[in-house]
Amino acid sequence: MDFESTSERILVLGIKELTSANAAAVKDDVRRCIRPGHRALDIDMSDVRILDSSGLGTLIALHKVMCQQNGLVRIMNPTPIVEQVLELTRLHRLLEITRQ
Amino acid sequence: MRREVLPSFFVQFECDVDASITPIARVMAFLENYGFDQTECGAWGVAIQEGVNNAILHCELDENETPHPIAIEVMVRPDYVEVLVHDHTQGFSWPISPSLPSESSEDGRGVYIIQQLVDDSDYLRGTHSNRLILRKNRTLPSELKEEEKKWRDRLKTIESQLDETDKALNSTQEELFSCYESLSAIFQFGTELGKQGDIKSFADRLLKQLIPIMGANGYLFRTCDENGSIIRTYSHSSDSLDPSPLNWNADNAKHFLESKSIVIRKDILRDTDLEKLEEGDPLIAFNSKFIQVHPIIIGEEMIGVLSVGSSESEEPFTSAQTNVMHTFAHFLALQLINVSRQEERIEFGKISKELEIAQDIQASLLPSKWPEVEGYTIAGKCNTSRNVSGDFFDVIYHETDPDKVLLVIADVMGKGVPASIFAAIFRSLVRSSTELFEHPAELMSKLNRSMFQDLSGVDMFITAQIAYCDLRHRTMRISNAGHCPLLLTSKDETMPVTSHSPEGLPLGVVKRPELEELEIDVPKGVRVLMYTDGIVETTTQMVGNELLGQKRLVHWFQDVRSVDQKASAFQSSLEKLLRATSEDQLKDDQTFILLVENG
């Protein structure tokens, strides 16, 4: 997993899956990278093959962190299964989905 | 039918989230290999992951303080995919309609996600293990569906071919078994036949054995009569199956199955539901759905026809059953022929015995002793080409005057028994007409009158020659009815052999024949030869396999006339000439009489 950070934005790259196996680790790693000035957390999910409920829990937790500093979480280029899970759980309304 | 072999996958791993990554990836790769796209594989990955998460979350330790392993089982079916996740937890109640937690909740979505990603799910709790069942209908891309359909069709074709092979093997097995059955039955009954020899009851028992083997409800076995145009019932399974004799000519072959089968010399199988029997067909009595008719032919000879009916089966007779029917019919036909030939042999033996008796009787009618006539010797012989003969000769002495002798020789047209009967009648008539001995032409005329009707009634005739010899007065009166001439010569070498054949038609040809009577002088040292045509028509090696002929016979007579011997010596010489025949079997009877004056 890689991070690209600017003063207002942080980009997370290289996640292959977000499940119970790594959800807690991802959450902790990303949280440590967030700075008070960050307004946007972009997570590139173009390579994610599996996103389970634990992974969703991580995304929600990160969303809460960003909300506390008036920021947001954006899911970048999600794979179909990621988009499907987000829609099924209606979290697509909470987490902004963007494509580039 | 064969069971379809469908793809499946099984993996077991430690109850640990890190240990679950690779197995789940392998499940997804397995599905991808079977044509599932990335989204479907991902959905299955998520659903399975959620199931595994629950198993890990609620896992228990075994007696060794080690968590029980988790197993994933995947089965790909034509219309759906089923995944089982086996866990060893206390389990939990599977919610029927789980709801989503609030958006801010970081957990509690697992079961909801599972139920949204699959079409059907259930959680079965057991004593020691539980099973999460996930099922999702397949939605293959159209090109893959086409490909799958193609392979599925091909698989069905192969399965169909395998089924056909199975059937063929079963049929062969059944056929072999049937052959064994039929051979066994035949050997068993063959042994019985040898003991009892009753062919009719043997046929009944043998064919009754055929009914259960054929799954039949009746049989009818009919044999051809001697002239071969009519079949008559020989054996049947019930009295209701005993039809009248049937002519199997071409006209009947158009209407009746048995006649048709014999005429075309082939089996006929009739489904009477599809094609009813014609009115009057004897096989209607079967009252059967299927009727099999088999013509029985040995060599070129039509022996008969065997018909079998089946009313209970919905299927026609199998090839194995038909083979058994053929085997039984052929075997039975051979037995019938054997019995018939045995009867013929017995009958032939009887006839041979009767012919031997007839031969003895006929031989007893011929002169066996030659009474002394002073100064003369007489000899005669009748060689027959069969047991009994149509040739005949007789030497009759005057009752009071031993110098008067009647020489009679005759040849009935034809050979064998009919000819011998007329020869016997001829002899009796001659013997009973002593008053006419001195007048051979009158005697011959009387013989014709007596026998004309009988002979002409059967288109037969007799050639005969009668010579009345008055040896004291040295005269001879001859009458001839179409017979070979009498040869006469003398010991005197200057006297040629003369042949004497007065005019006269054979007996039985015309009602009142003109019969000439010839009187000739008997020279001193006379030699007389009377003979039938079998003598001159024999072929002899002494003359190069040509007919002996009258000319050569005359030459022989001329050569031997001067020999100072008795008639028996002349007989031996003539027989030596005749024995040189080139054939063992005489073509015609050979008969002759010799009268020889001594000195």
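This is a predicted model: local features need pLDDT of at least 70, side-chain atom pairs count only at pLDDT 80 or more; totals for chains, interfaces and linings use all residues.

Chain A has an average pLDDT of 92, and 100% of its residues score at least 70. Within chain A, confidence is lowest in strand β1 (residues 2-5), with a mean of 91, and highest in strand β4 (residues 40-44), at 95.

**The two chains**

Chain A has 100 residues, and 44% of them count as buried. Its secondary structure comes to three helices and seven strands, and along the sequence they run β-β-β-α-β-β-α-β-α-β. If you take the contacts in chain A with a separation of 6 or more, 72% are between residues 24 or more positions apart.

Chain B has 599 residues, with 35% of them buried. You'll find 13 helices and 23 strands in chain B. Among its contacts with a separation of 6 or more, residues 24 or more positions apart account for 64%.

**Where A meets B**

At the interface, 24 residues of chain A are in contact with 22 residues of chain B. On the chain A side, the elements that give two or more residues are β5 (50-51), α2 (53-68) and α3 (80-88). Helix α2(A) gives the most, with seven residues. Sorted by class, the chain A side has 12 nonpolar, eight polar and four charged residues.

**A helix pair in chain B**

Now turn to helix α1 (residues 17-33) and helix α2 (residues 38-57) of chain B, which pack at an angle of about 150 degrees with their axes 10 Å apart. Since an angle over 145 degrees counts as roughly antiparallel, that angle makes α1(B) roughly antiparallel to α2(B). The crossing of these two helices, α1(B) and α2(B), is right-handed.

Which residues of α1(B) and α2(B) meet? From α1(B) they include Ile24(B), Val27(B), Met28(B) and Leu31(B), and from α2(B) they include Trp44(B), Ile48(B), Val52(B) and Ile56(B). By class, this contact of α1(B) with α2(B) has 10 nonpolar, three polar and one charged residues.

Most residues other than glycine have a negative phi. Here is the pair:

| Residue | Phi | Loop | C-beta atoms within 10 Å |
|---|---|---|---|
| Arg265(B) | about 55 degrees | between α7 (257-264) and β9 (268-271) of chain B | 10 other C-beta atoms |

Look for it in the loop between β17 (486-490) and β18 (498-500) of chain B. Val497(B) counts as partly exposed because it has 18 C-beta neighbours inside 10 Å. Leaving aside its neighbours within four places in sequence, Val497(B) is in contact with Leu487(B), Thr489(B), Val554(B), Phe557(B) and Gln558(B). Val497(B) and Arg561(B) are 64 residues apart in sequence, yet 8.9 Å apart in space, C-alpha to C-alpha.

How values were computed:
Residues are numbered from 1 along each chain as its sequence is written. Chains are lettered from A and ligands numbered from 1 in the order in which they are written. Helices (H or I, at least four residues) and strands (E, at least two) are DSSP runs, numbered from the N terminus. A residue is buried if 20 or more other C-beta atoms lie within 10 Å of its own, exposed if 12 or fewer, and partly exposed in between; C-beta atoms are placed from the backbone. Two residues are in contact if their C-beta atoms, placed from the backbone, lie within 7 Å. pLDDT is the predictor's confidence in each residue, from 0 to 100. Ala, Val, Leu, Ile, Met, Phe, Trp, Tyr, Cys and Pro count as nonpolar, Asp, Glu, Lys and Arg as charged, and the others, Gly among them, as polar. Axes are lines fitted to C-alpha atoms, for helices over the stretch in contact, and angles run from 0 to 180 degrees between N-to-C directions. Angles under 35 degrees count as roughly parallel, over 145 as roughly antiparallel, 65 to 115 as roughly perpendicular and the rest as oblique. A crossing is left-handed if the near helix is turned anticlockwise from the far one by less than a right angle, and right-handed if clockwise.
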